[in-house]
Structure formats: C-alpha cells, structure tokens
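Trainee: I would like to go through this structure with you. Could we take it one topic at a time?
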Amino acid sequence: MHRYIPHTEEEIRQMLKEIGVDSIDDLFIDVPKTIEGYKIPEGKDEFTVRKMVEKLAKENTVFEPENVFIGAGVYYHYIPTVVKHMASNPNFVTAYTPYQAEVSQGTLQMLFEYQTMMCELTGMEVSNSSMYDGASAFAESLLMATRISGKTKMLVAQTINPEYRTVAKTYTKPQGIEITEISYDESGKINLEELKKNINDEIAAVAVAYTNFFGVIEDLKAIRDVVPQNVVFIVVAEPVSLALLEAPGKFGADIVVGEGQSLGVTPNLGGPGIGFFTTLEKHVRKMPGRIIGETKDLEGRKGYVMILQTREQHIRREKATSNICSNQAYIALINALYLSTMGPQGLKEVAWRSYNNAHVLAQMLEERGFKRVFSGEFFNEFVIKVPDNYRTKWHEMAKEGILGPIPLDRVYKSLGPSALVCATEVNNKNSMAKLVEVMSK
C-alpha cells in the first residue's frame, strides 16, 4: 500500500477516525466474502435475461423531467433528438481525449467550433477546449488569477455554488492561497459594502456567480465599478441564462467559467459535467487546458491544430499551468451540437420559457404562503421559506415521483428552513400545480 499511497500511518489513522472506522479492512466489511447463499440462476437466453433486467429496472424510482424541480447547478432541459443521434456516431463515441497534434481534423474542428460558441456566449476573447466540470474550472480560475497578479488573496462570494467553493479550497490551500468569503444582502446579491471594505492592494481576484446559487441575477456593472482594474474579475456563469442576460465580457470580466451540463447533457444522477473556461487574449498563456486554432497548410487548405497545450502529461511538465485540467472532448462535442442545433434564437427561447415558468411557479407558491427569501430579480431559480419538517416532506415527495426543491438549511444555516426551487422549459402547468399541492399538504 505504502508504495502507491503517500500517507503516513498517523494520517491513515486520522482519516479512519474521521469516518468512524478502526481499520482499512473495516471499509470493506459490507462486501460479501463469498457468494454463498445468493440465488444466481443458471445461464438463460437473451430474451429471458432482458425480461429479468427490465423487471428489476421498473423497481427504480423514475422522475419524469417535468416533475423535477431541483437545480442547484445541474438542470433538465429538452435535448433535440438530432443531438443525441449525431453524438452517437461511433467515430465520436470511440475517440480518446486528444493529446497529440496529429489527432483527427474532425475532432479538432469540433473543439474549435465549441471554443467559438463559448466565446460568443460569454462575450470573452478566448476559450479553452473544456475542463472536467464547473467546480474544477472555478478552482482553476483562482489559480490562474494568482499567476496573473502574483498575489494570493481572493474574495469569493458566498452566493457561488457551495460545492464549487469547497473544491476551490481543496485546490488552493496547498498553494498558500487565502480565500475570504463575502456574504450576501437581503436581495440575495453579493454585499457590495462588505466587498468594498475587503478590497486592498493584496487582493488577486474577486469571484461572483451570474446567476448566483440563489438564482438571483447579480449586478455585474456595480461589482466591476467596485473592483479595481488591476484585480482579476472572475464570473461563474450559468450558460443558458446568457441567452437572455448581457454577457459577462461586456462588464469587464477577466475570466468567465461555469458548468456546461445544461447545454445538451442529461443530468444522469449528477454527471457527467463539463467545465467551460474563457478569458481575455492577454491572459491566454496563464490559462489552463488546451486551445485549438485554425490555420492553413502549405497548399492553402484550411486545417486545425493544437496551438497551446499547457498540461503536464506530454509537454511542459513542471512548467504546466495545471496538472489536473484535462478536457471533456466528447461532452464538448455534445455542447457544440446542442448550441448549433438550437442557434441563438432557440437558446433564447429555452431561456425565456425557463424564466417564465420559474416566475409563474414563484407566484403559485407565494399564493399558498411560501414566501420568497430574497427580493432580487431571478432567472429560473429562487429561494422560499419552508416549514421545519420540510426535509421529511422532501423525501415523501420523492416517493410520489416528484424531485422537489432542495433544502438549503444545512449549507446556509442562517437562512433557516428554506429550499431552492428550480423550473426550466420542461416543467409544465400540470406538474407545477402538482408540486404546489404536494408542498401545501
């Protein structure tokens, strides 16, 4: 074990104590040592096995998309059939993450198109060809801010997804980066007065979410007016909302990152995700990941090449901007297919319907006594006050096929009993009425 896991005996002891077991062997106590007693049938024909598996599958809890009202960073949107059909092409499915310059032109062109679309959506000048997920993209943005500024103190809004902030702390602590979290006001936006008080010459970056975790739309202009030009301005953006809202690049953002799952990828119990990462051209050599560029060969034919690769695996090594920033080439393909299928107007329609459904649902809930916690304008998520027993009711709703608004009191304890409600274009009038009825019991 010690040849491969660089932990001391004391570190192992502390980790085991933290999770409440006495030894490493105890971690596997639930794994049967033998299969004696298990009724494994003799080999069956395919037809019989299929029926058995289908019967087992029916025992799973299935949530129809229209009955899902939980968002918090992962969203149900309708995905046109052509996207799934194109993405199922074996030439795409079997492709490995591209490392070498001689990778196929089709893969390189697809990643180039993906980068172009992400730049258009965020209003930025340069995009890499994706990262693992939104959380790691955010964490990498803080490391990049240190490379740009040479400073190690960050101001991060508490209205950024709590999971993103946790991942960021894991990434940055070994680097000696200090994160100070800035609270929110009664509107659900970042507290500008608190932000002003904490800005000084030692600050490397200010990071906010747009829309934020509460669904509230931050005033990026007001924030940029507070943030000095020599401080890196990081925006964690929700991509579908950008079809309606002004792009962060128009407000002077230096880095715009986020989660691209909502662009054509089904939730699938939380994954896979894809991190998008965009910035200004002047910062491009500080950016992690890889970039695909367009060129011409000696005969004048258009071609695509990797123009910048900053990962350690086969180049740069100790000079790499990041050692854990591989991309999600296949999910980037799906993002590109979805965006090109929807087009600007189609994506705007998705955003409008999500916005409208959320506002109709908010009104329906308020009429039943579920008051909104924050006064700020919101996109497709909002926070409401709920009874003390809501967590129990939340589990009961799941048994009825409704994945209800997620409780927030464990993460944002100061809010008290509260829940984050989400609606997208897949929710309909009947499913929203059903949710309100169940929550009102």
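Predicted model: local features only at pLDDT ≥ 70, side-chain atom pairs only at ≥ 80, totals over all residues.

Trainee: Where is Ala72 found?
Mentor: Ala72 sits in the loop between helix H2 (46–57) and helix H3 (81–87).

Trainee: What is the phi of Ala72 near?
Mentor: The phi of Ala72 is near 55°, a positive value in a residue other than glycine. Most residues other than glycine have a negative phi.

Trainee: Which residue has a side chain that reaches the backbone oxygen of Ala72?
Mentor: That is Asn161, whose side chain reaches this oxygen at 3.2 Å. Leaving aside residues up to four places away in sequence, Asn161 touches Ala72, Gly73 and Phe213.

Trainee: And is Asn161 buried or exposed?
Mentor: Asn161 counts as buried, at 9% relative accessibility. Asn161 belongs to the loop between E2 and helix H7 (162–172).

Trainee: What about Ser130: what is its phi?
Mentor: Ser130 has a positive phi of about 105°, although it is not a glycine. Its place is the loop between E1 and helix H6 (134–149), and at 1% relative accessibility Ser130 counts as buried.

Trainee: Changing topic, which residues does a cis peptide bond join?
Mentor: The cis peptide bond joins Tyr210 and Thr211, with omega about -10°. Thr211 lies in the loop between E4 and helix H9 (220–226).

Trainee: Now the sheet. What is the order of its strands?
Mentor: The order is E1-E7-E6-E5-E4-E2-E3, in an open sheet of seven strands with mixed pairing. Strand E1 (126–127) and strand E3 (178–182) stand at the edges with a single partner strand each, so one side of each has no neighbour in the sheet.

Trainee: In which sense do E2 and E4 pair, parallel or antiparallel?
Mentor: Strand E2 (residues 153–157) and strand E4 (residues 203–210) pair in the parallel sense, over four bridges. Within E4, Val206 is the bridge partner of Leu155.

Trainee: Which helix lies across E1, E6 and E7?
Mentor: Helix H5 (residues 105–122) lies across E1, strand E6 (255–259) and strand E7 (275–279), and H5 runs at about 70° to E7.

Trainee: Let us turn to the domains. Which ones does the assignment give?
Mentor: The domain assignment of the protein chain gives domain 1 (65–77 + 343–440) and domain 2 (81–337). Their centres, taken over C-alpha atoms, are separated by 27 Å.

Trainee: How many residues of each domain are in contact with the other?
Mentor: 28 residues of domain 1 are in contact with 29 residues of domain 2.

Trainee: And how many residues does the largest nonpolar core have?
Mentor: The largest nonpolar core has 90 residues, and Phe138, Ile160, Leu195, Val208 and Val235 have the most contacts inside it. Helix H10 (residues 329–367) supplies the largest share of this core, 14 residues.

Trainee: What does Ile160 touch?
Mentor: Not counting residues up to four places away in sequence, Ile160 touches Phe138, Arg165, Ala207, Val208, Ala209, Phe213, Val236 and Tyr412. Another core, of 22 residues, lies apart from the largest one, and among its residues are Leu361, Phe382, Ile384 and Ala423.

Technical notes
Residues numbered from 1 in each chain as written. Heavy atoms only, no water. Core = buried A, V, L, I, M, F, W, Y, C linked by side-chain atoms within 4.5 Å. Buried < 20%, exposed > 50% of the residue type's maximum accessible area, 1.4 Å probe, protein only. Helix = DSSP H or I, 4+ residues; strand = E, 2+ residues; numbered from the N terminus. Contact = heavy atoms within 4.5 Å. Pairing = 2+ DSSP bridges. Axes fitted to C-alpha atoms, helices over the stretch in contact; angles between N-to-C directions. Polar contact = N/O pair within 3.5 Å; in protein donor to acceptor, adjacent residues only side chain to side chain. Domains from an automatic or database assignment.
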